[in-house]
Amino acid sequence: MRRSLVLAGAAVTVLSLLTGCSAGDGSGTDSGKTTLEVAALEGGYGRDMYTQVIKAYETAHPDIDVQLKISKSIEDEITPNMKAGRYPDVVVLGQGRKAGLTETLIKDKALDDLTPVLKEKVPGESKTVGDKLTEGIVGNLNTNPYGTDKTYLLPMYYAPTGLFYNKGLLEEKGWKVPATWDEMFALGDTAKKQGIPLFTYPTAGYLDSYFFALLADIGGEQFYTDVMTYKKDVWKSANARKALDLTTRLLGYAAPTTVGYANEQDFTKNQQLLLDNKALFMPNGTWIVGEMADAPRAKGFQWALTPLPAVTAGGKRYITTSVESVWIPTAAQHKDAAKDFIAYLYSDEAAKIFAKSNAIQPTEGIASSLTGENAAFYQVYEDPDVSALVGGFASTAPVEGVDIKATLFDTANSIISGDTTEDKWQSALNEASEKLREAGD
C-alpha cells in the first residue's frame, strides 16, 4: 500500500517559514559521530532491507550514526517534528500518496537540489550515481518537478505497474489476455456469465498507473504531457472523452465489493479478490507480490502482469513506471552527510540487499539479474510495442480546494456507485485543470 492519511494543511505554511533554516553539517551526538536521521515509508517491500543497508553503511562509515524512522504512515510520524522545525536528513517517499507530503514540499520549494549527487562517485566504487542510473529515469517531472534541468528527487526503486491477474485462472479457462479493449470487454461478458467480475482496484488512488498509461495509449506522449501540464481545455478534447468513456465502461464491470473495500483499512480485501478468483484484473505494482505473500490463494494461482489493452489493434501501449523517490528537505541539518548516504544507496552492495526484498533500483543491468516472478514482470520493458512512462502532474502553486488527482482517480468510486455521471466527471476535471493552469502561469 502506497497511500496514507491526509496531511494537515498547516504544514504548507510551516514548511515555507522553515525553508533554508538548515544549520549545515555537524556532529549530532556527544560521541563525535554525525547522527543522520532517515525517514522511510514501510511499503510492500518491508523494513528489513533498510536496517541491513544502514548496518552496511555504518560499517564502512564509523563516524556516522544512522537513525531510521520507518512507518506505513511515515507522514504522520514526521510531520509534527517538521512543524516544530526538526526535519529528517533523508526521506524515502514518493509522490502519489494521499497524504501528499512530497508534493507539499515540492510546491513549497522546500527540497534540496540533488543535481550534484548525480556527479558524485558511489562510495567504494568508481562510477558516479548518474553513470549507474538507467537512461531516461532522471529528467522527467517526477525527478525534475519544475521542468528545469535541476533534479530534486532521485529515483530509488522502479516497478512496472499495470493490470495484474492470475495466469493460472486464465489458462484453466482457456481465456487469452485481452490485447485490445474490445477483447477486454468481451472477456468481461464471458467471465460475468461464470460469476467472475472483470475488474477491481485496491483503492481508487491505484488508478494513477491506469490513467497515465491510458492517456498516452489514446493520444501519445504529447497528449499525456498536455494533460499533465494543464493545457487549456485539455479535458474537453475528444481524446479526454475517449479515456473517460473507456474507463466508465470498465468500471461497469467492477466487483460489487470494490467501493466498500476501497479504503486504507480494507484495501487488501479487494486485492484478495484476485487471489480468490473473484476478479480478473487489478491495477497495481510489483510490490503486490510481497504485500500479499502470506495471503491464501486459489489452487494454481500465478501472478502475472499485462499492460492496458491497446486502443486500436496493434497500437502502441504504454506502461506506467512507478518510481519511489529519495530526497533531502532544504531545512535538513546534515545535508552533506545525507548526500553521501544517498549516493551509497546506489552501490552494488545496497542494490543486492534491496533486490532481495524485490525493491529493484533503476540501475543499468539490474533487470537482467532478476529471477522468478520479478524477471517476468520486468520483461515487459523488452516488448518493442510497449514504452515506459514516468512522471505525473506538473507542480503548481497550491490552489485551495483543488486536487486534480482526487478528481481524476477517486471519482471512480462515485461512477461505480452511481452517485455521479461521466459528464460531471469530465466537467470537474476540466475545471480543476484550468485552475491549476492559471496557477502555473
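Q: Where does Ala-412 lie?
A: Ala-412 sits in helix α16. Helices here are DSSP runs of H or I with at least four residues, strands are E runs of at least two, and both are numbered from the N terminus.

Q: What kind of model is this, and which residues count towards local features?
A: The model is predicted: local features need pLDDT of at least 70, side-chain atom pairs count only at pLDDT 80 or more, and totals for chains, interfaces and linings use all residues. Numbering starts from 1 along each chain as its sequence is written, and side-chain values use heavy atoms, leaving out hydrogens and water.

Q: Back to Ala-412. Buried or exposed?
A: Ala-412 counts as buried, at 0% relative accessibility. Buried means under 20% relative accessible area, exposed means over 50%, and partly exposed is in between (1.4 Å probe, protein chains only).

Q: What does Ala-412 touch?
A: Not counting residues up to four places away in sequence, Ala-412 touches Tyr-201, Leu-207, Leu-251 and Trp-425. Contact means heavy atoms within 4.5 Å. Thr-203 is 209 residues away along the chain, with its C-alpha 9.6 Å from that of Ala-412.

Q: How far apart are the end C-alpha atoms of α9?
A: They are 20 Å apart, which agrees with the 20 Å that its 14 residues (238–251) should span at 1.5 Å a residue. The expected span is 1.5 Å times one less than the number of residues.

Q: And α17, how many residues has it?
A: α17 has 19 residues. It reaches 27 Å from first C-alpha to last, close to the 27 Å expected. Its buried residues pack against α8, α9 and α16. Trp-425, Leu-429 and Asn-430 are among them.

Q: Asn-430, then. What does its side chain reach?
A: The side chain of Asn-430 reaches the backbone nitrogen of Trp-235 at 3.3 Å. Asn-430 is buried, with a relative accessible area of 7%. Beyond four places in sequence, it touches Asp-233, Val-234, Trp-235 and Lys-236.

Q: New topic. How many residues has the largest nonpolar core?
A: 66. A nonpolar core is a set of buried Ala, Val, Leu, Ile, Met, Phe, Trp, Tyr and Cys residues joined through side-chain atoms within 4.5 Å. Those with the most contacts inside this one are Tyr-157, Trp-303, Val-326, Phe-341, Ile-342, Tyr-346 and Phe-354. A second, separate core of 57 residues includes Leu-187, Ala-191, Tyr-201 and Leu-244.

Q: What is Val-326 in contact with?
A: Leaving aside neighbours within four places in sequence, Val-326 is in contact with residues including Val-90, Leu-114, Leu-153, Met-156, Ile-342 and Tyr-346.

Q: Phe-341 and Ile-342 are in α13. How many residues of α13 are buried?
A: Eight of the ten residues in α13 (335–344) are buried, so the helix is largely enclosed by the rest of the structure. Lys-335 and Lys-339 are among the buried ones.

Q: And Trp-303? Which way does it point from β6?
A: Trp-303 and Leu-305 point one way from β6 (303–306), Ala-304 and Thr-306 the other. All four are buried.

Q: Now the loops. What is the phi of Lys-109?
A: Near 55°, a positive value in a residue other than glycine. Lys-109 is exposed, at 58% relative accessible area. Asn-277 also has a positive phi, near 60°. Asn-277 is buried, at 18%.

Q: Last one. Where is the place of Ser-395?
A: Ser-395 is in the loop between β8 (386–389) and α16 (404–417). At 26% relative accessibility it counts as partly exposed. Apart from residues up to four places away in sequence, Ser-395 touches Ile-106, Lys-107, Pro-145 and Tyr-146.

Note on methods
Polar contact = N/O pair within 3.5 Å; in protein donor to acceptor, adjacent residues only side chain to side chain.
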